[in-house]
Amino acid sequence: MITWYTIFSFSIISAALLIALLGIWLTAIIPLIDRWSKRFFFAYFTALMACSLVSLVDLIIYQYIGIGTWRIFAFLEVLLLSVPIPMLTAYLLHSCKKDIKKNTVFRVANGCWMMFFLLLVSTLFTDHIYYITPNGQFQRGAWYPLLIVPLSVILILNLVCLLRWRRLLSRKYYHGFLNAIIPITAVLIVHLFVDVTALIDISTVLSAISMFGLIISEQIEQNFRQQQEIARQRASVNVLQMRPHFIYNTLMSIYYLIVQDTEKAQKITLDFSTYLRKNFTALAKEDAIPFTEELEHAKAYLAVEQTRFEDELFVEFDTPHTFFRIPPLTLQPIVENAVKHGLDPELNPLYVTIKTRQTNDGSVITVEDTGPGFKDGDNNEPHIALANIQERLRMICGGTLTISPRENGGTIVKVFVPK
């Protein structure tokens, strides 16, 4: 006869088995987990799966074959259910950067678990701790609390160490361990006096999935932050590299202008120093800056180039909207890219237009040039430079960068910065 308790037991065991299989599968496929954690969770969920399978087989035999609980099944269930408890100690020590092999806490936890194991083995030969009735029912013996005490000591030790070392853990790790330790500890203490075996199963399942979810979330965030930092550094290196020949040609222009036109030499020297100062300042900045600063940087660069190519480069600014922020070195490299690949003494003069507009969703910057546009022979260099800017826009402010050809020749680059 199937009772509500049988249905409840089947549900708990099935849920534990499903979670264990899901945990093993996620541990195997997620590449973001470090090797030690991967081995830990694989062993942790394997033990949970083995315990669930033993419980399921025992329940099926009892329900459908009519044979009561076998002593060996009871032994295996209790043994496998206890395995994750000392494993938590090892993972806590590992997360706190402690030497597991030499740590006293781990030795005490191992000693307690060995005491539990010896007591459990004795249940195969004596009925003092627990026994199986003739009709196959599990019954607690007079010494049953002795079997629970070592496991409770391990969990309490884990909780004390967690509270003591909480500053060594991130917030998610700390809460993950709390969720894993407190429910089982509370249930085992109650189990010393009252039989709450079903609650032990539930608390073990909930603890496993809670800790696994929080720690996986933390590791994914850590990996994401690392990838962001790597991408930021890579983009910064690529964007901040000033062209050596631009610096050399500018200095040579200043050298000749000192003799030919002192006033113009002073102007280009001032503009060039502003350009260099803005470049060096950008090295120390990671967050978005006011657009006016980036506009000043771009104007300084264009002023230098206009002095060098006064009859070949013309610039128009249409920037009524400036009250927004963008990542450092966004506009200036776009403008530099347009001049570098659009200016050709053998072609018509290059016209560069810089516009800003405010929309309902954010701000739009448009850089338009009349150059030849991107050609197959560019070796993707312009695309790489703009791709680096696009990556920084996405990381810092969630912005976008689009490139399109201009109707009468040239290129249009649009930057969108959300509010």
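The structure is a predicted model, in which local features need pLDDT of at least 70, side-chain atom pairs count only at pLDDT 80 or more, and totals for chains, interfaces and linings use all residues. Residues are numbered from 1 along each chain as its sequence is written, and side-chain values use heavy atoms, with hydrogens and water left out.

The secondary structure of the chain comes to 13 helices and nine strands, where helices (H or I, at least four residues) and strands (E, at least two) are DSSP runs numbered from the N terminus. Of the 419 residues of the chain, 46% count as buried; buried means under 20% relative accessible area, exposed means over 50%, and partly exposed lies in between, using a 1.4 Å probe and protein chains only.

Helix 4 (residues 84–95) packs against helix 6 (residues 144–164) at an angle of about 20 degrees, and their axes are 9 Å apart. Here axes are lines fitted to C-alpha atoms, for helices over the stretch in contact, and angles run from 0 to 180 degrees between N-to-C directions. Helix 4 and helix 6 are therefore roughly parallel to each other, given that angles under 35 degrees count as roughly parallel, over 145 as roughly antiparallel, 65 to 115 as roughly perpendicular and the rest as oblique. Helix 4 passes helix 6 in a left-handed crossing; a crossing is left-handed if the near helix is turned anticlockwise from the far one by less than a right angle, and right-handed if clockwise. On the side of helix 4 the contact is made by Ile85, Pro86, Leu88, Thr89 and Leu92, and on the side of helix 6 by Leu151, Ile154, Leu155, Asn158, Cys161 and Leu162. By class, this contact of helix 4 with helix 6 has nine nonpolar, two polar and no charged residues, where Ala, Val, Leu, Ile, Met, Phe, Trp, Tyr, Cys and Pro count as nonpolar, Asp, Glu, Lys and Arg as charged, and the others, Gly among them, as polar.

Helix 4 also packs with helix 7 (residues 171–191), at an angle of about 155 degrees and with the axes 12 Å apart. That makes helix 4 roughly antiparallel to helix 7, and the crossing of the two is left-handed. Ile85, Leu88, Tyr91, Leu92 and Ser95 of helix 4 make this contact with Tyr173, Phe177, Ala180, Ile181 and Leu188 of helix 7, and the residues divide into nine nonpolar, one polar and no charged.

A further pair is formed by helix 3 (residues 71–82) and helix 5, whose axes come within 11 Å and cross at roughly 175 degrees. That makes helix 3 roughly antiparallel to helix 5. The contact joins Phe75, Val78, Leu79 and Ser82 of helix 3 to Trp113, Phe116, Phe117, Leu120 and Val121 of helix 5, a set with eight nonpolar, one polar and no charged residues. Helix 5 (residues 104–122) also holds Gly111, which is partly exposed, with a relative accessible area of 37%. The C-alpha atoms of Gly111 and Ile154 are separated by 9.4 Å, although the two residues are 43 residues apart along the chain.

Among the buried residues of helix 11 are Phe291, Leu295, Tyr301 and Val304. Thr250, found in helix 9 (residues 244–260), touches Ile268, Phe272, Val304 and Arg308, not counting residues up to four places away in sequence. At 0% relative accessibility, Thr250 counts as buried.

Lys97, in the loop between helix 4 and helix 5, has a positive phi of about 60 degrees although it is not a glycine, and at 73% relative accessibility Lys97 counts as exposed. Leu329 lies in the loop between strand 5 (325–326) and helix 12 (331–342), and its phi is near 60 degrees, a positive value in a residue other than glycine. At 2% relative accessibility, Leu329 counts as buried.

Methods
Contact = heavy atoms within 4.5 Å.
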